[in-house]
Amino acid sequence: MGKLTREAVVERALEIGDAEGLQAVTIRRLAQELGVTPMALYWHFKNKEQLVVGMADHLIEGFEITPDGSRPWQEQLRELVGRLVRMLRRHPCAEAVLEEVDKMEVPAFLRVWDSALGLALRAGFGARESCLITRYILQGAVALAGGSVEHRRCGPEGHAEHVRLKRVRFQSLPPDTYPNIVRMAVPLTERGDAELYDTFGVDLLLSGIESMAARLDG
């Protein structure tokens, strides 16, 4: 094989993490997968901690936006959140990577965070509210993408059985006590179109921020 690049190492690490979980990603495992000695990987990453930082940086670079003062802040914030959700959907290990990494060591994270803070400030929020908004955006995106991760981890057949059993439990509840849950057992357990689910979720998250910003202008 040609010269081993940092990007190739990180991408293989993400493939292993997505398939088997972040705990399966080790320097030794990566060396075997890439057909090199562990020492060849140490040229790029001295240990797993640095590797996880590299994985996080690579993931976040995929949904960065370039701040543009000529575009509405609402449009840019919506684009940022949408890209974040799509990245989390593509990579089941992304949540674990973001939880484990020291975000101060991830340049791409700092750039995205700085951009999001700037957009919140443009909307008219103060420093404290802007900080809260950026935290809720990350937490909301993780929650939106969570269903897809569960589906991929247990596989299509396992997921279908999980949904069936959950629906039966809902339908078995006393209808006099829980009439709405029993009546809506099917839509409660079936996510339906993933794109519609994501779009609705992003709209729900962003509409709250936009509504609060509008009150600031009033």
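Reply: Gladly, and keep in mind that this is a predicted model. The buried residues themselves are L51, V52, V53, G54, M55, A56, D57, L59 and I60.

Me: How do you know that the length of α4 agrees with 1.5 Å a residue?

Reply: The expected span is 1.5 Å times one less than the number of residues. For the 14 residues of α4 that gives 20 Å, and the end C-alpha atoms are 20 Å apart, so the two agree.

Me: And what makes the span of α1 agree with expectation?

Reply: The reasoning carries over. Helix α1 (residues 6-20) has 15 residues, which should span 21 Å, and its end C-alpha atoms lie 21 Å apart, so the value agrees. Just after α1, G21 adopts a positive phi of about 100°.

Me: Which residues of α1 are buried, and what do they pack against?

Reply: V9, V10, A13, L14, I16, G17 and D18 are the buried ones. They pack against α2 (27-34), α3 (38-42), α4 (48-61) and α5 (73-90).

Me: What span does α7 have, and what is expected for it?

Reply: With 16 residues, α7 reaches 23 Å from its first C-alpha to its last, close to the expected 22 Å. Its buried residues are A108, F109, V112, S115, A116, L117, L119 and A120. Just after α7 comes G124, with a positive phi of about 105°.

Me: Why is S130 called buried?

Reply: The cut-off for buried is under 20% relative accessible area. S130 has 2% relative accessibility, so S130 counts as buried. This residue of helix α8 touches L117, A120, L121 and F125, leaving aside residues up to four places away in sequence.

Me: Then why is E129 called partly exposed?

Reply: Partly exposed is the range between the buried cut-off, under 20%, and the exposed one, over 50%. E129 has a relative accessible area of 37%, so E129 is partly exposed. E129 also belongs to helix α8 (residues 127-171). Its C-alpha atom is separated by 9.5 Å from that of L117, twelve residues apart along the chain.

Me: How are α5 and α11 packed, in angle and axis distance?

Reply: α5 and helix α11 (residues 194-217) pack at an angle of about 145°, with axes 10 Å apart. Their crossing is right-handed. On the α5 side, the contact involves W73, Q74, L77, R78, V81, G82, V85 and R89. On the α11 side are A194, Y197, D198, V202, D203, L205, L206, I209, E210 and A213.

Me: How do the residues of that contact divide into nonpolar, polar and charged?

Reply: The contact of α5 with α11 has eleven nonpolar, two polar and five charged residues.

Me: Stepping back, what does the secondary structure of the protein come to?

Reply: There are eleven helices and zero strands. The C-alpha trace spans about 65 × 50 × 25 Å along its principal axes, and buried residues make up 38% of the 218 residues.

Me: Which share of the contacts with a separation of 6 or more comes from residues 24 or more positions apart?

Reply: Such residues account for 66% of those contacts. As for the surface, the accessible area comes to about 12900 Å², with 55% belonging to carbon and sulfur atoms.

Technical notes
Residues numbered from 1 in each chain as written. Predicted model: local features only at pLDDT ≥ 70, side-chain atom pairs only at ≥ 80, totals over all residues. Heavy atoms only, no water. Helix = DSSP H or I, 4+ residues; strand = E, 2+ residues; numbered from the N terminus. Buried < 20%, exposed > 50% of the residue type's maximum accessible area, 1.4 Å probe, protein only. Contact = heavy atoms within 4.5 Å. Axes fitted to C-alpha atoms, helices over the stretch in contact; angles between N-to-C directions. Left-handed = near helix turned anticlockwise from the far one by under 90°. Nonpolar A, V, L, I, M, F, W, Y, C, P; charged D, E, K, R; others polar. Areas by Shrake-Rupley, 256 points an atom, 1.4 Å probe, with all protein chains shown as cover.
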